[in-house]
Amino acid sequence: MNTTRRAFLRQSSFALAGAAIFTHPLFASTAAKHLTGVQLYSVRDDMKKDPAGTLKALADMGYRYVEHANYVNRKFYGYTPSEFKKLLDGLGLHMPSGHTVMRATHWDESKKDFTDEWKATVDDAALMGQKYVISPWMDEKLRNDHDALMHFLDLFNKSGELCKKSGMKFGYHNHDFEISTKVGNETLYDVILKNTDPAFVIHQLDIGNFYGVGGRGTDFIKRYPGRFQSMHVKDEIKAANKGEMEGGYESTILGNGVVKVKEILDMAKKMGGTEHFIIEQESYQGQTPLDSVKADLAIMKKWGF
């Protein structure tokens, strides 16, 4: 349980340089258009030990949608796409989005095309019925190299074009470095948002990840209305140590922390363009992960989501 999301992504990005990775979700529908769900990284240890049993527990709680956080060698949590879809279908669960890190190496410059590995990632997402293929990381070497950054953001748009052929969109999920890293006089996040085409690329706003470095969900929704079709719903409290993003905060049950979660959710629904509200909790303050996400779902229902 001590593995932080930041370390998990960094280590996996390096160690699995040749493999497609990551995915997160689990949601419950409140309206025809809006989904309320859970990122499976919230219950990562349970999913590692018993994926089928964990998914059943989530379904029994009332979740109806899931976002994956484990896609390795064309398998989700050890299941082939068809096997995992059958498992989800049997539990009344759906997976409209997932996390898979897209790297610069997924583009073959000599062919001016994506590698077969990335094309397979998109194909498998389509088979699962996903709407969004979301990348939750950006290598450090790209963040401070302007030309490399611009090229990579162009790949975001190209990936969106590839996804569109299967009726999907590409997406990007923030951590905290997008706020703490400056590109000229702007934050890296501003640059990412301004250089990605809304027709092909959505943004999944994690309202907790950037809290410790001054990021506020309401500020970005006001600045970029309609750009955040998906959101990681998260609350934060002061951590005893460095916390998940190493900024002194860790996630907690919704409503127990310092993030103005309900205010952000209402604004996201009104002007953020948000359709997917995905619960993610990475620290538990003595409770089990499953008990934590059960409490989170109850709070979301109380708030009308």
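**Note on the predicted model**

1. **Isoleucine 192.** Setting aside neighbours within four places in sequence, isoleucine 192 is in contact with Met138, Leu153, Phe156, Tyr172, Glu178 and His203. Contact here means heavy atoms within 4.5 Å. Isoleucine 192 belongs to helix H9. Helices are DSSP runs of H or I with at least four residues, strands are E runs of at least two, and both are numbered from the N terminus. Isoleucine 192 has a relative accessible area of 0%, so it is buried. Buried means under 20% relative accessible area, exposed means over 50%, and partly exposed lies in between, with a 1.4 Å probe and protein chains only. Leucine 149 is 43 residues from isoleucine 192 in sequence, yet their C-alpha atoms are 8.8 Å apart in space.

2. **Basis.** This is a predicted model, in which local features need pLDDT of at least 70 and side-chain atom pairs count only at pLDDT 80 or more, while totals for chains, interfaces and linings use all residues. Residues are numbered from 1 along each chain as its sequence is written, and side-chain values use heavy atoms, leaving out hydrogens and water.

3. **Overall make-up.** The protein has 12 helices and 17 strands. Of its 305 residues, 58% are buried. Take the contacts between residues at least 6 apart in sequence: 76% of them join residues at least 24 apart.

4. **Nonpolar cores.** The largest nonpolar core holds 48 residues, and Leu55, Phe84 and Met231 have the most contacts inside it. Elements that each supply at least two residues of this core include helix H3 (51–61), helix H4 (81–90), strand E14 (230–233) and helix H12 (289–302). H11 gives the largest share, five residues. Another core, of 28 residues, lies apart from it; Val122, Ala125, Leu162 and Met168 are among its members. A nonpolar core is a set of buried Ala, Val, Leu, Ile, Met, Phe, Trp, Tyr and Cys residues joined through side-chain atoms within 4.5 Å. In soluble globular proteins, nonpolar side chains tend to be buried together.

5. **Helix H11.** H11 has Val261, Ile264, Leu265, Met267, Ala268 and Gly272 as its buried residues. Their cover includes H10, E14, strand E15 (235–238), E17 and H12. The end C-alpha atoms of H11 are only 14 Å apart, whereas a straight helix of 12 residues would span 16 Å at 1.5 Å a residue. The expected span is 1.5 Å times one less than the number of residues. Glycine 273 follows H11 with a positive phi, near 75°.

6. **Helix H5.** Just after H5, glycine 129 takes a positive phi of about 85°.

7. **Aromatic rings.** The whole structure contains 15 aromatic pairs. In one, tyrosine 79 and phenylalanine 84 have ring centres 5.9 Å apart and planes at 45°, so the pair is tilted. Rings of Phe, Tyr and Trp (its six-membered ring) pair if their centres lie within 6.5 Å; planes under 30 degrees apart are stacked, over 60 edge-to-face, and the rest tilted. Tyrosine 79 is partly exposed at 23% relative accessibility, whereas phenylalanine 84 is buried at 0%. Ring pairs link Tyr71, Phe76, Tyr77, Tyr79 and Phe84 into a cluster.

8. **Charges over rings.** The charged end of arginine 216 sits over the ring of tyrosine 211, 3.6 Å from its centre. Arginine 223 lies over the face of phenylalanine 220, at 4.7 Å from the ring centre. The test asks for NZ of Lys or CZ of Arg within 6 Å of the ring centre and within 35 degrees of the ring normal.

9. Glycine 208 lies in the loop between strand E13 (201–206) and H10, and is buried at 3% relative accessibility. Beyond residues up to four places away in sequence, glycine 208 touches Lys234 and Glu236. Serine 251, in strand E16 (residues 249–252), is buried at 0% relative accessibility. Its contacts outside four places in sequence include Lys234, Glu236 and Gln281. The side chains of serine 251 and glutamate 244 are joined by a polar contact of 2.8 Å. A polar contact is a pair of N or O atoms within 3.5 Å; within protein, one must be able to donate a hydrogen and the other to accept it, and residues adjacent in sequence count only if both atoms are side-chain atoms.
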